[in-house]
Amino acid sequence: MHIFLIRHGQSIANTGENYPQRLPDHLVSLTEEGIQQARENGEWLANYCKEKNIDLSNARIWRSPYLRTRQTSEEFNKFLNIKDIREDITLIEQQFGLLDSVPDEEWANQFPIENAEKIFSVIPGNFLLVFFRRFFGQITIQIVKRMIQAQTAQSPNTTCYSTQC
């Protein structure tokens with residue numbers, strides 16, 4: 001089994017274009033550059049699979065129901081022609097609640113208590129990570145856990161609980 005993880009292309013949230021519109025996260029679209037990135041990734045993946053003789057006839061695309069992930073998968077799938085496309089709400093990235101469309105530099109001013117809640121974690125190699133559980137959001141480890149939960153839900157016979165499966 002081959003698993004390819006593809007992140008959505010550049011979105012208007014990445015460029016800050018959504019801030020004046022105050023769009024909720026699920027309605028954030030790709031920029032023109034993000035659409036181009038998705039196309040380039042699709043072309044690269046199609047070539048990679050061809051070079052490695054990876055059969056995509058039984059392939060499946062899993063995506064979140066967010067606009068930018070739909071747009072990304074539609075663009076890269078133009079090169080892959082995968083018919084089985086499914087959506088799963090557990091694949092959504094982060095929920096910012098009231099912070100949707102609020103620039104990061106404004107968080108501390110608008111939500112000082114939540115901004116002050118930080119969790120520090122030292123991982124092997126003396127690398128210090130600062131995990132900031134955003135207001136109505138999640139820390140990185142929660143994203144990893146959600147990916148594993150989605151994988152095991154789709155393959156209930158698996159005994160692997162790692163992103164290394």
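This is a short chat about a predicted model.

Colleague: Aromatics to start. How many aromatic pairs does the structure hold?

Modeller: The structure holds 2 aromatic pairs. One joins Phe4 and Tyr48. Their ring centres are 6.1 Å apart and their planes are at 85°, so this pair is edge-to-face.

Colleague: Where do Phe4 and Tyr48 lie?

Modeller: Phe4 is in the segment before α1 (12-15), and Tyr48 is in helix α2. The pair therefore ties together parts that are 44 residues apart in sequence.

Colleague: And what about Trp44 and Tyr48, stacked or edge-to-face?

Modeller: Stacked, because the planes are at 20°. The ring centres are 5.1 Å apart. Trp44 and Tyr48 both sit in helix α2, separated by about one helical turn. Phe4, Trp44 and Tyr48 form one aromatic cluster.

Colleague: Is Trp44 buried or exposed?

Modeller: Trp44 is exposed, with a relative accessible area of 52%. Tyr48 is partly exposed, at 28%. Phe4 is partly exposed too, at 34%.

Colleague: New topic. Which residues form the nonpolar patch on the surface?

Modeller: Met1, Ile3, Leu5 and Met147. Together they have about 500 Å² of accessible area. Met147 lies in helix α6 (residues 140-154).

Colleague: Now α3. How far apart are its end C-alpha atoms?

Modeller: They are 20 Å apart. Helix α3 has 14 residues, so at 1.5 Å a residue it should span 20 Å, which agrees.

Colleague: What covers the buried residues of α3?

Modeller: The cover includes α2 (32-51), β1 (60-63) and β2 (84-87). Among the buried residues are Phe76 and Leu80.

Colleague: What follows α3?

Modeller: Asn81, with a positive phi near 55°.

Methods. Residues are numbered from 1 along each chain as its sequence is written. This is a predicted model: local features need pLDDT of at least 70, side-chain atom pairs count only at pLDDT 80 or more; totals for chains, interfaces and linings use all residues. Side-chain values use heavy atoms; hydrogens and water are left out. Helices (H or I, at least four residues) and strands (E, at least two) are DSSP runs, numbered from the N terminus. The expected span of a helix is 1.5 Å times one less than its number of residues. Buried means under 20% relative accessible area, exposed over 50%, partly exposed in between (1.4 Å probe, protein chains only). Contact means heavy atoms within 4.5 Å. Patches are made of residues with over 30% relative accessible area and no salt bridge: like charges are joined within 9 Å, nonpolar side chains (Val, Leu, Ile, Met, Phe, Trp, Tyr) within 5 Å. Accessible areas come from the Shrake-Rupley method with a 1.4 Å probe; for residues, only the protein chains shown count as cover. A salt bridge is a side-chain nitrogen of Lys or Arg within 4 Å of a carboxyl oxygen of Asp or Glu. Rings of Phe, Tyr and Trp (its six-membered ring) pair if their centres lie within 6.5 Å; planes under 30 degrees apart count as stacked, over 60 as edge-to-face and the rest as tilted.
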